[in-house]
Amino acid sequence: MGRLFLTSLAPATGTIYCCKHCDSHLAYAQHIISKMFRCKHGKAYLFDKVVNVVAGESEDDRMMTTGLHTVRDIFCVACGAILGWKYVSAFDKDQRYKEGKFILERCKIHSGGGGPPDRIQLWAEHDARISSSEDDDQGAV
């Protein structure tokens, strides 16, 4: 399977958007190009740069409000949740500014949050509880 490396964004630089499911850092608020996008679940943001995502293998041509686009779904590298899509190409010349940019669905992200260090701490606490319960079971035998 391999080792998972996550990029942590420095909070001093500004507001950070994170995966709603696992708190992995995704993008800085300053990299938002537009908040005027919509997806089937509601609001979506167009970002110039994102981290800790992987694009799906297949490219799909999708008819959207602004015309036909070729896109690839993007997933969180930590938990695998689908977060939005990446624009590969736009068929309309006026929409080409979106190429190479990312849509993150607002319902699948949140601003702020702990990020990877907090998650590692939770795992450590969970492991400690498991080992203490095993000790109790061994004493009962």
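1. Burial first: 35% of the 141 residues in the protein chain count as buried, where buried is under 20% relative accessible area, exposed is over 50% and partly exposed is in between (1.4 Å probe, protein chains only). Keep in mind that this is a predicted model, with local features needing pLDDT of at least 70, side-chain atom pairs counting only at pLDDT 80 or more, and totals for chains, interfaces and linings using all residues. Residues are numbered from 1 along each chain as its sequence is written, and side-chain values use heavy atoms, with hydrogens and water left out.

2. On the fold, the protein chain has 10 strands and 1 helix, in the order β-β-β-β-β-β-β-β-β-β-α along the sequence. Both are DSSP runs numbered from the N terminus (helices H or I, at least four residues; strands E, at least two).

3. Have a look at the largest pocket, with a volume of about 420 Å³. A pocket here is an open set of points on a 1 Å grid over the protein atoms alone, where a 1.4 Å probe fits, with protein on both sides within 12 Å along at least five of seven lines; lining residues have an atom within 4 Å of a point.

4. What lines the largest pocket? There are 19 residues, with Arg38, Cys39, Lys40, Met64 and Trp85 nearest its centre. The lining splits into 8 nonpolar, 7 charged and 4 polar residues. Strands β3 (32-39), β6 and β8 (82-90) each supply at least two of the lining residues.

5. Strand β6 (residues 60-64) also holds Met63. Met63 counts as exposed because its relative accessibility is 65%.

Notes. Points joined across faces, edges and corners; volume = space filled by probe spheres on them. Nonpolar A, V, L, I, M, F, W, Y, C, P; charged D, E, K, R; others polar.
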